[in-house]
Structures are given as structure tokens and as C-alpha cells.
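Take a walk through this model, one site at a time. Keep the sequence beside you and find each residue as it comes up.

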Amino acid sequence: MPQDEHKEGIGGMINPRRYGIERVAYLLMRLSGLGLLAYFIGHIYETSSILRGQVGWNEFLELTQTTEGHAILAIVIAMCVFHTVNGIRVMLGHGGVGVGKPARPDYPYDPASQNYRHKIGIYSAIVLAAVAMMYGLAVMFGE
């Protein structure tokens with residue numbers, strides 16, 4: 001039985017080939033937001049370990065000062081930078097910066113808001129996040 005193209009589910013929704021870089025930015029924005037929320041909750045738990053005194057604090061820091069802990073922190077750095085830069089791009093777009101002139105919506109409709117300026121902003125956010133992550137790794141691993 002052939003599958004209906006409109007019933008692809010989550011797989012169809014997250015398919016970046018169908019919608020382009022805008023969909024990738026949308027998904028990365030949502031995932032980085034959830035990741036930063038998880039990090040925030042973990043960070044509150046980590047800093048509350050100071051209530052157990054110096055011994056409790058040192059025990060918890062031993063968990064975070066590992067190779068895995070540094071890798072997770074580098075991912076958090078990348079998520080933070082991407083979420084910030086892409087959020088600024090979205091806010092500017094909502095304010096009308098770089099959206100282009102409105103035009104009559106004739107078929108085939110090409111939205112003026114999805115132009116090269118915003119695509120450059122998305123790619124810039126991804127590149128800046130990768131650079132920040134590499135810098136964080138270099139600092140944490142001492143190279």
C-alpha cells in the first residue's frame with residue numbers, strides 16, 4: 001500500500017531537503033532551547049551541591065571535570081551561541097530588517113522574507129556556534 005505524502009509524520013516534518021536551511025534553523029533553535037533548559041536545571045542542581053560543604057562541592061566537580069563533562073560543556077557553548085545569534089536574526093526579521101519589499105503573492109509564491117540575507121544569518125549562526133565550540137574545547141583541554 002503506497003504511503004500518502006501528507007502522512008509522513010515527524011520524519012517528514014524534520015526532513016531538511018524538503019524545506020531547506022530555514023527548517024534546519026527552526027529545528028536547531030528548538031533543540032538548542034530544550035538543551036539549554038536541561039543545562040539550566042542541571043546547573044542549578046550542581047551549584048546547590050555547595051550546600052553540602054566543600055566536600056560535597058568537590059565530589060560533584062569531579063563528575064564535571066572529565067572528558068565527557070568537557071564535551072557536554074562544549075555542546076552547551078555551541079547551543080548558547082547558536083540560540084543567541086539565530087534569535088537575534090529572528091528578532092530583526094520580525095522587526096522588518098532584511099525582509100525585502102512586500103510584493104503581490106502571485107503563483108509560484110516566493111516569500112521575500114526568506115532571502116539570502118536571512119540565509120546568511122543562519123549560516124553565520126551555525127559557523128559562530130562551531131567556532132565557539134572549538135574555542136571552548138581548546139580552552140578546556142588546554143591546547
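Patches are built from residues with over 30% relative accessible area and no salt bridge; like charges are joined within 9 Å, and nonpolar side chains (Val, Leu, Ile, Met, Phe, Trp, Tyr) within 5 Å. The areas come from the Shrake-Rupley method with a 1.4 Å probe, and for residues only the protein chains shown count as cover. A salt bridge here is a side-chain nitrogen of Lys or Arg within 4 Å of a carboxyl oxygen of Asp or Glu.

This is a predicted model, in which local features need pLDDT of at least 70 and side-chain atom pairs count only at pLDDT 80 or more, while totals for chains, interfaces and linings use all residues. Residues are numbered from 1 along each chain as its sequence is written, and side-chain values use heavy atoms, with hydrogens and water left out.

Start with the patch. Leu31, Leu34, Leu37, Phe40, Ile41 and Ile44 make a nonpolar surface patch of about 620 Å². Ile44 sits in helix H3, residues 21-48. Helices are DSSP runs (H or I, at least four residues) and strands are too (E, at least two), numbered from the N terminus. Ile44 counts as partly exposed because its relative accessibility is 44%. The cut-offs are under 20% for buried, over 50% for exposed, and partly exposed in between (1.4 Å probe, protein chains only).

Now turn to the charges. How many salt bridges are there by this rule? The count comes to three. Glu22 pairs with Lys119, with the closest N and O atoms 3.8 Å apart.

Arg52 and Glu59 form another salt bridge, at 3.6 Å between the closest N and O atoms. Glu59 is partly exposed, at 45%. Asp106 bridges to Arg104, and here the closest N and O atoms are 3.0 Å apart. Asp106 is partly exposed at 41%, whereas Arg104 is exposed at 68%.

Arg89 is another case. This residue belongs to helix H5, residues 67-94. Arg89 is buried yet has no salt bridge. Which side chain of opposite charge is nearest to Arg89? That is Glu22, 7.2 Å away. Charge is counted simply: Lys and Arg are positive, Asp and Glu negative, and His and the chain ends are not counted. The side chain of Arg89 does have a polar contact of 3.3 Å with that of His118. A polar contact is a pair of N or O atoms within 3.5 Å; within protein, one must be able to donate a hydrogen and the other to accept it, and residues adjacent in sequence count only if both atoms are side-chain atoms. Beyond its neighbours within four places in sequence, Arg89 is in contact (heavy atoms within 4.5 Å) with Ala25, His118, Gly121 and Ile122.

Helix H5 also holds Thr67. Thr67 is exposed, at 52%.

Finish at the loop between H5 and H6, where Pro108 lies. Most peptide bonds are trans. The bond from Tyr107 to Pro108 is cis, with omega near -5°.
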